[in-house]
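Here are a few notes to go with your first look at this one. Keep the viewer open while you read.

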Amino acid sequence: MKKLILKRLLHLIPMLIGMSFVSFIIIQSSPGDYFAQMKMNPEISPETIQQMRTSFGLDKPVIVQYFYWLKNLVRFDFGVSFAYHIPVRTLIKFRLKNTLCLAIFSLFLSWLIAIPLAVLAGYKENSFTDRFLSMLAYISISLPSFFVALLFVYFISKTAVLPLGGTRSIFDINAGTFVIFADYMKHLLVPGIVLCFVNTGWIFRLMRNNFVETFNNPYILAAWARGLPARSVIFKHTLRNAMNPMFTILGMEIGTILNGAALTEIICGWPGMGSLILEAVLSHDLYLVMGSLVISSFLLIIGNLIGDILIAFFDPRIRIT
Amino acid sequence: MEEIIRCEKVKKTFTVRDFLGINKRVVLAIDNVSMTINKGVNTGIVGESGSGKTTLAKILLLLVRPDDGSVYYKGTNITKFSETELRFFRKNVRIIFQNPFKSLNPRANVERIIKEAMPEDERKTKKIADVLDAVGLPQNYKDRYPHQMSGGERQRVAIARAIAGNPECIIADEPTGNLDATTEVYILNLLDRLKKIFGLTYVFISHNLKIVEKMCEKIIVIYRGNIVEQGLISQVLKSPLHPYTCLLYNPVSIKTIETVDKTSQGCPFAYRCSFAKKICFEVKPQLKEKEKEHLVACFLYE
């Protein structure tokens, strides 16, 4: 097990280098840079712009720039953002916390809703309950996330039951930790519910189908034939086997939900990684884009690793070789 | 002779829906079947694929509830019993499935598989080692998972699971269907040995008449959910009466007729039968006693 984790973590290094190299070249090959816009401004002299370029190391060839950036990355120095004039690391730290909170919250919520409902629907295959829940799931899958987000934001803004945008509305220094936490959670609800709505549908579909497939296995029939109680057959025999492929899905989700959340974050005004990357790409804020990309892909790979570890832990057939 | 399971006029239909679920087709899987399993008399159920052998086995075990008719266990009608009420029946009548690759939970090791099959009150006293010994598996196998064993070994675990609850009857649904010839012989000998040790009664479901001949005393031939012939092995195989039995017993010698996917109102075999008369297509033949205990449903013998 330790060997597997170590091996996978070592795989991470070439993957990150390759990924960052390709994205660096792509970003740099797009026309213009952050300072191109400044050239239009008659108040800024060309000398100043040239000086700024040199200070950020943008006057060197692209390859040299890349390795310069990579060298700093080893020391966890992601460079300085052009637009914010503060280290990228500080920026990402704040945004990453918000995105992780949002992702974990919505992931937890959607799995908590989807799995029990899927077991119910799978157990009562083709019944009214099953068809009804499946229909709801199809609605959830087929509605695009930005549309759901817009509808929900509209609804919330009309009824004003939950705060919209930002992470806090209490700025009292004397406020207790719990009050601040509760306030944060309230702000988290709107983007959290939108993300959860979109995610629940397809987790439900996958789990329901896994459950039905496992439930029709001869070893489940054998369990019934032994006179085991229904509780044991459903939860001990069927659910545990049906969960196996779900761990892979969970791993993939941990990685993709961070990127998938971008649209929702932007629409709901949640200051997470998604809106940060979008801004950075639009304004050619090179180091900010690179820093965010590295962090995102790191999380994607870690997410998959967690999924694999969970499978290996729960499925005796996958013992580490 | 003491009877264990008896079913009377059981009927089972399955509804097949098309892709959109609009058109329904009703398939008659078991049609008015009555049979008795007596203690100590191994019964073989033979028929081609899709003839309803496995469905009949599931009905005998009440894993599938019949649409019509009743199943009796030692004289008690258990057709309408709930799963909790069936607990004692499940302990006494066990099943071995055809495919040992699918009939064992991939996430349970041998120890758990066997332990779970024992009745709760016997789990402490009864030794897993004894059960493993009985089926000829080494002791260190109790930590193995199904994927770490060969087909024959898995089937032995499935047998161990069946005998762990001290049943009086085991329904074996093509227990050697997925095994090679040498393993097949081993498993059949093992089942034979266990029968003597534990005083078991088997119901053998197979399409292979040779296996049924070796293992059973009584045979039931089933075609499209209907019993066409039944009797003692010695009688039926020495002088098979129904054309379908002849076909099964010696497929080469009989003038074969292509499988016709048509069912007549009369004899279900009529379209494939080379002796079919006009009446065969119109009236359904009933099971009639030809010799002592040798029954056949065919107009050739009326």
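1. Helices here are DSSP runs of H or I with at least four residues, and strands are E runs of at least two, numbered from the N terminus. On that count, chain B comes to ten helices and twelve strands. Bear in mind that this is a predicted model.

2. On overall shape, the C-alpha trace of chain B spans about 65 × 45 × 40 Å along its principal axes. A compact globule of 302 residues would have a radius of gyration near 19 Å, and the 20 Å of chain B agrees with that. Buried residues make up 41% of chain B. If you take the contacts in chain B between residues at least 6 apart in sequence, 64% of them join residues at least 24 apart.

3. Have a look at the open sheet in chain B: four strands in the order β2-β1-β4-β5, with antiparallel pairing. β2 (24-38) and β5 (76-77) of chain B are at the edges with a single partner strand each, so one side of each has no neighbour in the sheet.

4. Zooming in, β1 (residues 3-17) of chain B pairs with β2(B) over eleven bridges, in the antiparallel sense. B:Arg6 sits opposite B:Thr36 in β2(B). Helix α1 (residues 53-60) of chain B lies across β1, β2 and β4 (68-73) of that chain, at about 125° to β1(B).

5. Now the contact between the chains: 16 residues come from chain A and 20 residues from chain B. On the chain A side, α9 (218-225) and α10 (230-268) each supply at least two residues, and α9(A) gives the most, with six. That side divides into eight nonpolar, four polar and four charged residues.

How values were computed: Residues are numbered from 1 along each chain as its sequence is written. Chains are lettered from A and ligands numbered from 1 in the order in which they are written. This is a predicted model: local features need pLDDT of at least 70, side-chain atom pairs count only at pLDDT 80 or more; totals for chains, interfaces and linings use all residues. Two residues are in contact if their C-beta atoms, placed from the backbone, lie within 7 Å. Ala, Val, Leu, Ile, Met, Phe, Trp, Tyr, Cys and Pro count as nonpolar, Asp, Glu, Lys and Arg as charged, and the others, Gly among them, as polar. Two strands pair if DSSP finds at least two bridges between them. Axes are lines fitted to C-alpha atoms, for helices over the stretch in contact, and angles run from 0 to 180 degrees between N-to-C directions. The radius of gyration is taken over C-alpha atoms; the globule rule is 2.2 Å times the number of residues to the power 0.38. A residue is buried if 20 or more other C-beta atoms lie within 10 Å of its own, exposed if 12 or fewer, and partly exposed in between; C-beta atoms are placed from the backbone.
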